[in-house]
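Visitor: I am new to this structure and would like to be walked through it. Could we begin once it is in view?

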Amino acid sequence: MKFIIQRDRLVQSVQDVMKAVTSRTTIPILTGIKITATTEGVTLTGSDSDISIESFIPKEETGDEIIEVKQAGAIVLQAKVFSEIVKKLPTDTVEIEVLGSLQTVIRSGKSEFNLIGLDAEEYPHLPQIEENNKFQIATDLLKAMIRQTHFAVSTSETRPILTGVNWKVENGELNCIATDSHRLALRKSKVEIANNEGYNVVIPGKSLNELSKIIDDSHDLIDIVITENQILFKAKHLLFFSRLLEGNYPDTSRLIPNESKTDVTVNTKEFLHAIDRASLLAREGRNNVVKLSTIEGGIIEISSNTPEVGKVVEEIQSETIDGEDLKISFSAKYMMDALKALEGTDIRVSFTGAMRPFVIRPLHDETILQLILPVRTY
């Protein structure tokens, strides 16, 4: 194998596939990146058996030559070392050549590295996925949907299914739900589905987080193919495979209250900053709890009291308060995560009593909601 490639394109592809490479793998060859050169271009592959990423660099694009392939072939190189080398090479082009017995030479300008490669035949094959059932979604929308839900997945392995985001596709709509049983994030959107298939799968939160770091903020459509145990995201020159979590996701629809006793409309930014300041003292305690109470004249009081540290009281003017007076305590971190995920300047918080879950929505937007369970404080 021998080819010459533009360094910046190689660096970009290496960084993308590195997101799937981990040092903690039971299969030694997976600590490497597989490099395959053909007459069409060069493909890099990284995998940790849960996530696999394949990045393709075409021979030329819009008339510019990116790669000159002199001899086709494949090799696996130690990912960590290779990515560090490529980043620090002195000139804009890199030559990679595999000599006998997997010796690989990387040349750029006056520097030359000799690496010992591994046999590409030993590298596990990526899943072969039939692409009959796929739907499409704009890349920037997918990114937003991930950002607005994935933070609410559980970090504890006691219920593995909750470490994923539940994707339900029915009647041309994609519903994304994440919950760690103390809070819930939901976002839905219309999607293009060819044959009106329905799906109900759970994608690891970690996979979605890595995917959102790689894809760009464009309106380009990304193809999504779902099979029994894999999901494939197919963007331009990029394939991203993730395994799906096994098991049934709990039915969350009955958690979301239909009626409310107190509705508060408030400016998102003001509310977020007030909670943030109140949490400064709550953080010192072990539970990060702030209290919210409604006062006459549409004023909301946010307070936190940590006996050994001190207390803080904030007042903010709401736009409207409808319904009963209210005192409620909740995790400041959960509230801040939820507020950062919402879009729009104003939000409406609907409470159904001091011990019941409450719902936060942007005004005039039905596609997104956040739900938080209050904390019992006496």
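Guide: A word used below needs its meaning first: a residue is buried when its relative accessible area is under 20%, exposed when that area is over 50%, and partly exposed in between. Please also keep in mind that this is a predicted model.

Visitor: Which residues of α4 are buried?

Guide: Helix α4 covers residues 205–214, and seven of its ten residues are buried, so the helix is largely enclosed by the rest of the structure. Listed by name, the buried residues of α4 are G205, S207, L208, E210, L211, S212 and I214.

Visitor: How are α3 and α4 oriented to each other?

Guide: Two packed helices are described by the angle between their axes and the distance between the axes. The axes of α3, which spans residues 139–147, and of α4 come within 10 Å and cross at roughly 140°. Angles over 145 degrees would count as roughly antiparallel, and α3 and α4 are therefore oblique to each other.

Visitor: Which residues of α4 meet α3, and how does that contact divide by class?

Guide: The crossing of the two helices, α3 and α4, is left-handed. From α3 the contact takes in L142, K143 and I146, which meet L208, N209, L211 and S212 in α4. By class, the residues of this contact of α3 with α4 divide into four nonpolar, two polar and one charged.

Visitor: How are α1 and α2 oriented to each other?

Guide: Helix α1 runs over residues 7–18 and helix α2 over residues 79–88, and their axes come within 9 Å and cross at roughly 150°. Because an angle over 145 degrees counts as roughly antiparallel, the crossing makes α1, relative to α2, roughly antiparallel.

Visitor: What classes of residue make up the contact of α1 with α2?

Guide: On the α1 side the contact involves R7, L10, V11, V14, Q15 and M18, and these meet A79, K80, F82, S83, V86, K87 and K88 in α2. Sorted by class, the contact of α1 with α2 has seven nonpolar, two polar and four charged residues.

Visitor: Is S218 buried or exposed, and which backbone nitrogen does its side chain reach?

Guide: S218 sits in the loop between α4 and β18, the latter covering 221–226, and at 17% relative accessibility S218 counts as buried. Leaving aside residues up to four places away in sequence, S218 touches T139 and D140. Its side chain reaches, at 3.3 Å, the backbone nitrogen of D220.

Visitor: How far apart in space are K2 and I96?

Guide: K2 lies in strand β1, which covers residues 2–6, and with 22% relative accessibility K2 counts as partly exposed. Residues up to four places away in sequence set aside, K2 touches E68, V69, K70, Q71, E95, I96 and E97. Although K2 and I96 are 94 residues apart in sequence, their C-alpha to C-alpha separation in space is 5.7 Å.

Visitor: What is the phi of S49?

Guide: S49 is found in the loop between β3 (41–47) and β4 (51–58), and at 47% relative accessibility S49 counts as partly exposed. Although S49 is not a glycine, its phi is positive, at about 70°.

Visitor: Where is H364, and what is its phi?

Guide: H364 has its place in the loop between β28 (358–362) and β29 (368–372), and with a relative accessible area of 80% H364 is exposed. H364 is a residue other than glycine, and its phi has a positive value, near 60°.

Note on methods:
Residues are numbered from 1 along each chain as its sequence is written. Side-chain values use heavy atoms; hydrogens and water are left out. Axes are lines fitted to C-alpha atoms, for helices over the stretch in contact, and angles run from 0 to 180 degrees between N-to-C directions. Helices (H or I, at least four residues) and strands (E, at least two) are DSSP runs, numbered from the N terminus. Angles under 35 degrees count as roughly parallel, over 145 as roughly antiparallel, 65 to 115 as roughly perpendicular and the rest as oblique. Contact means heavy atoms within 4.5 Å. Ala, Val, Leu, Ile, Met, Phe, Trp, Tyr, Cys and Pro count as nonpolar, Asp, Glu, Lys and Arg as charged, and the others, Gly among them, as polar. Buried means under 20% relative accessible area, exposed over 50%, partly exposed in between (1.4 Å probe, protein chains only). A polar contact is a pair of N or O atoms within 3.5 Å; within protein, one must be able to donate a hydrogen and the other to accept it, and residues adjacent in sequence count only if both atoms are side-chain atoms. A crossing is left-handed if the near helix is turned anticlockwise from the far one by less than a right angle, and right-handed if clockwise.
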